[in-house]
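Trainee: Could you walk me through this one? I would like to go residue by residue where that helps.

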Amino acid sequence: MKNILIINGWHAFAEAKGLFNKSLNTIDTSFFNASENYAVKTTQINNGYDVENEVLKLIWADVIIYHTPIWWFSIPFKFKKYFDEVLTAGYGNGLWISDGRTSKNPKVNYGTGGLLKGKYYILTSSWNAPKEAFTMPNEFFNQTNVDAGVMSGFHAMNKYLGLTLIDSLHFHDVEKNANVHDELKKYELFLEKIFRVQV
């Protein structure tokens with residue numbers, strides 16, 4: 001049995017209603033509950049959380065699925081607060097033990113002190129920006145994709161903990177022009193591909 005932790009990084013702020021990320025969570029619940037091969041826990045940033053319990057959930061998980069909207073080219077501020085609090089509490093407590101370097105040779109092995117090696121993560125992000133903003137010459141992101149650009153620090157954080165990326169899926173133009181039905185179907189197929197074949 002695989003332990004799946006699903007973290008929805010959305011939280012209420014201004015006009016944001018989080019409906020798309022809630023829909024992704026609904027798909028997750030339906031998908032994993034349809035099989036006896038998975039045990040599932042969830043964290044909804046909007047509902048609050050207990051820091052120590054979140055450390056235990058991260059240790060428990062075989063696979064972590066992160067869902068996050070992108071606000072001003074980053075994750076929402078309460079989602080960032082979650083990581084600041086939980087990862088700090090996880091120091092020497094099952095998540096990470098050091099930055100990986102030794103005093104004998106402090107120039108190498110940075111970022112190898114994570115304790116979640118052998119565990120995996122998936123990232124989805126939802127954007128107002130169209131896909132073309134990342135892919136077309138002379139557009140905003142200069143042909144730098146989401147994972148190598150805006151979310152590179154998020155991936156580095158997970159690598160620091162010892163986690164390995166399975167795959168990422170990014171939803172574009174969600175606010176203005178998305179075909180939500182097609183986008184959600186794309187996510188269902190994404191889960192099928194990963195969990196029915198690879199994991």
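Trainee: Where is Phe140 found?

Mentor: Phe140 is found in the loop between H4 and H5, where helices are DSSP runs of H or I with at least four residues and strands are runs of E with at least two, numbered from the N terminus. Before going on, note that this is a predicted model, in which local features need pLDDT of at least 70, side-chain atom pairs count only at pLDDT 80 or more, and totals for chains, interfaces and linings use all residues. Residues are numbered from 1 along each chain as its sequence is written, and side-chain values use heavy atoms, with hydrogens and water left out.

Trainee: Is Phe140 buried or exposed?

Mentor: Phe140 counts as exposed because its relative accessibility is 57%; buried means under 20% relative accessible area, exposed over 50%, and partly exposed in between, with a 1.4 Å probe and protein chains only.

Trainee: And what does Phe140 touch?

Mentor: Leaving out residues up to four places away in sequence, Phe140 touches Phe73 and Ala133, a contact being heavy atoms within 4.5 Å.

Trainee: Changing topic, which residues of H5 are buried?

Mentor: They are Phe154, His155, Met157, Asn158, Tyr160 and Leu161.

Trainee: What do those pack against?

Mentor: The buried residues of H5 pack against strand S3 (63–69), helix H3 (77–89), strand S4 (120–126) and strand S5 (164–171).

Trainee: Which residue follows H5?

Mentor: Gly162 follows H5, and the phi of Gly162 is positive, near 100°.

Trainee: Now the largest pocket: how much space lies in it?

Mentor: The largest pocket holds about 710 Å³ of space. It is lined by 21 residues, and those closest to its centre are Pro69, Ile70, Trp71, Asn128 and Glu175. A pocket here is an open set of points on a 1 Å grid over the protein atoms alone, where a 1.4 Å probe fits, with protein on both sides within 12 Å along at least five of seven lines, and lining residues have an atom within 4 Å of a point.

Trainee: Which helix gives the most to that lining?

Mentor: Helix H1 (residues 19–33) does, with three residues.

Trainee: Last one, where is Glu183, and what is it in contact with?

Mentor: Glu183 sits in helix H6 (residues 180–198), and it is buried, with a relative accessible area of 13%. Setting aside neighbours within four places in sequence, Glu183 is in contact with Phe20, Phe171, His172 and Ala178.

Technical notes:
Grid points are joined across faces, edges and corners, and a volume is the space filled by probe spheres set on the points.
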